[in-house]
Amino acid sequence: MRLLGLTLMGALLAGCSTYAAEDPSLAGGANSMQSAPADPAVDHANALAGGGAPYRHGYTGEGDDRIHYVEAGAGPAVIFVHGFPSFWYVWRDQMEAFRHCRRVIAVDAPGAGLSAKPLIDEAYKVEALAKRLDALIAELAPGEKVTLVGHDWGGALAWSYAQWRPDRLDRLAIFSAPPYNVLLDLLATDPEQRSVSSYMPTLLGIEREQASTDAFAQSFYDLAYKRMVDTGVLSEREGALFREALAREGALYAGIQWYKANIPEFEGQDPASSYWPQAGAKTDIPVLLVRGKDDKTFVKKMADLAAMDTPDLTVVEFEGVGHWTQFQDPEAANASLGKFILSDGEVCQ
């Protein structure tokens, strides 16, 4: 069991290392598995799987629309979208638990991991990200209603996508995130949320050059993952994989661009001008919201506000767990997710 509270947002000063950027010409469609460059995280996931090579990876889209994904298993599709700062491997525990009865697909979100890293902020607006996610779902699971799972920024994106395209989804599972419109309202009106989100103006002020130093990448690694390695929550090899993902050229700044594109300045906010897909958007499919009782990233009333526009919402809270719910206690996370997505009496093994 991984039991470690992560409090990510603190002092953010320093930069990103200079690993070679991936060649966009390597991007291909959903069948580009054979031409995909090596992903050491896939190799490690296969090594941990204990036989065979169940994890495989590829790309959808081209150029700035290129998305790297990793998949395993067969059956109804479950698509996972991570938050910041991370990459697809943060979902390995869930993929390993459900690959025996589902086709599990974890993406490197735009800007992260081996996915493309567009230079302009507009590419990271929630609307643009949702449209890219829509194209990915249409390509990887044509004609299928999928289960969408998101954490942190990936959760806010997934929730907005569900409000926009409920016809594409069977159900939605969210780990530690509100709907995007609820987040905007909280930042505009709730002093406690502004206080816990006080790191955001710092992120909004960071420029690409500042985010292009080794020290910047190291500071994020130290905040997010070093203690997990030091305490045995992650292996040394897993820690190295996260360090390498954060240090990819442009990855951390691309993550910051999600904030720049979607978070208004705190003063004089008009949240209604940024709502997406629209004001009063409802989520008309079953939704599971998993949160840790020790999560300091969002105020506790976030779940109540989300419920106002989500008629079929199940909320599960974990004791002794903070923001990284799927990662800190994977057994509890997998049990809650399994109860939500599996049919009555279905066993995934």
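In which sense do strand E3 (residues 77-81) and E5 pair, and over how many bridges? The two strands pair in the parallel sense, over four bridges. The model described here is predicted.

**The chain as a whole**

The chain contains 13 helices and eight strands. It has 349 residues, of which 59% count as buried. Among contacts in the chain with a separation of 6 or more, 79% are between residues 24 or more positions apart. The chain exposes about 13,500 Å², and carbon and sulfur atoms supply 50% of that area.

**Strand E5 and its partners**

E5 pairs with E3, and also with strand E6 (residues 169-175). The table lists both pairings.

| Strand pair | Sense | Bridges | Bridge partners |
|---|---|---|---|
| E3 and E5 | parallel | four bridges | Val 78 and Thr 147 |
| E5 and E6 | parallel | six bridges | Thr 147 and Arg 171 |

**Burial of E5**

In a regular strand, side chains alternate between the two faces of the sheet. In E5, Val 146, Leu 148 and Gly 150 point one way, while Thr 147, Val 149 and His 151 point the other way. Residues on both sides are buried. Because six of the six residues of E5 (residues 146-151) are buried, the strand is largely enclosed by the rest of the structure.

Note on methods. Residues are numbered from 1 along each chain as its sequence is written. This is a predicted model: local features need pLDDT of at least 70, side-chain atom pairs count only at pLDDT 80 or more; totals for chains, interfaces and linings use all residues. Side-chain values use heavy atoms; hydrogens and water are left out. Buried means under 20% relative accessible area, exposed over 50%, partly exposed in between (1.4 Å probe, protein chains only). Two strands pair if DSSP finds at least two bridges between them. Contact means heavy atoms within 4.5 Å. Accessible areas come from the Shrake-Rupley method with a 1.4 Å probe; for residues, only the protein chains shown count as cover.
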